Amino acid sequence: MDNINMNRITPEYVRHLAQPEQGLIATAYSDALVPIFLYVVPLLIVGFVLMLTLKEHPLATSVDHGGHPGDNA
């Protein structure tokens with residue numbers, strides 16, 4: 001498994017490897033993904049808490065086509 005181009009590691013490629021190499025690749029992916037989730041979950045929690053503090057503004061029920069104040073018609 002020496003000198004493998006990382007762009008060649010597809011599910012089809014891994015399926016044809018021997019079991020020990022498949023385990024190594026699966027472990028590497030798992031070890032790489034866990035820290036990503038550990039960083040993203042706190043960000044999601046902070047975003048959710050910030051979202052709860054937003055004030056709700058009702059949508060407009062009519063459209064004013066009069067233009068902007070100060071526009072000369």
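Is I25 buried or exposed? I25 is buried, at a relative accessible area of 8%, where buried means under 20% relative accessible area, exposed means over 50%, and partly exposed lies in between (1.4 Å probe, protein chains only).

The model is predicted, so local features need pLDDT of at least 70 and side-chain atom pairs count only at pLDDT 80 or more, while totals for chains, interfaces and linings use all residues. Residues are numbered from 1 along each chain as its sequence is written, and side-chain values use heavy atoms, with hydrogens and water left out.

The protein contains two helices and zero strands. These elements are DSSP runs numbered from the N terminus, with helices being H or I of at least four residues and strands being E of at least two. Of the 73 residues, 7% count as buried. The accessible surface is about 7,100 Å², and carbon and sulfur atoms account for 65% of that area; the areas come from the Shrake-Rupley method with a 1.4 Å probe, and for residues only the protein chains shown count as cover.

I25 sits in helix α2, which covers residues 19-52. I9 belongs to the segment before α1 and counts as buried at 15% relative accessibility. Along the chain I9 and I25 are 16 residues apart, and their C-alpha atoms are separated by 8.8 Å. V14 is 11 residues from I25 in sequence, with a C-alpha to C-alpha distance of 7.9 Å.

Helix α1 spans residues 11-15 and holds both E12 and R15, which are three residues apart, about one turn of the helix. E12 forms a salt bridge with R15, and the closest N and O atoms are 2.6 Å apart. A salt bridge here is a side-chain nitrogen of Lys or Arg within 4 Å of a carboxyl oxygen of Asp or Glu. By this rule the count is one salt bridge. Side chains of opposite charge can pair when their charged atoms come close. As for accessibility, E12 is partly exposed, with a relative accessible area of 44%, and R15 is exposed at 55%.
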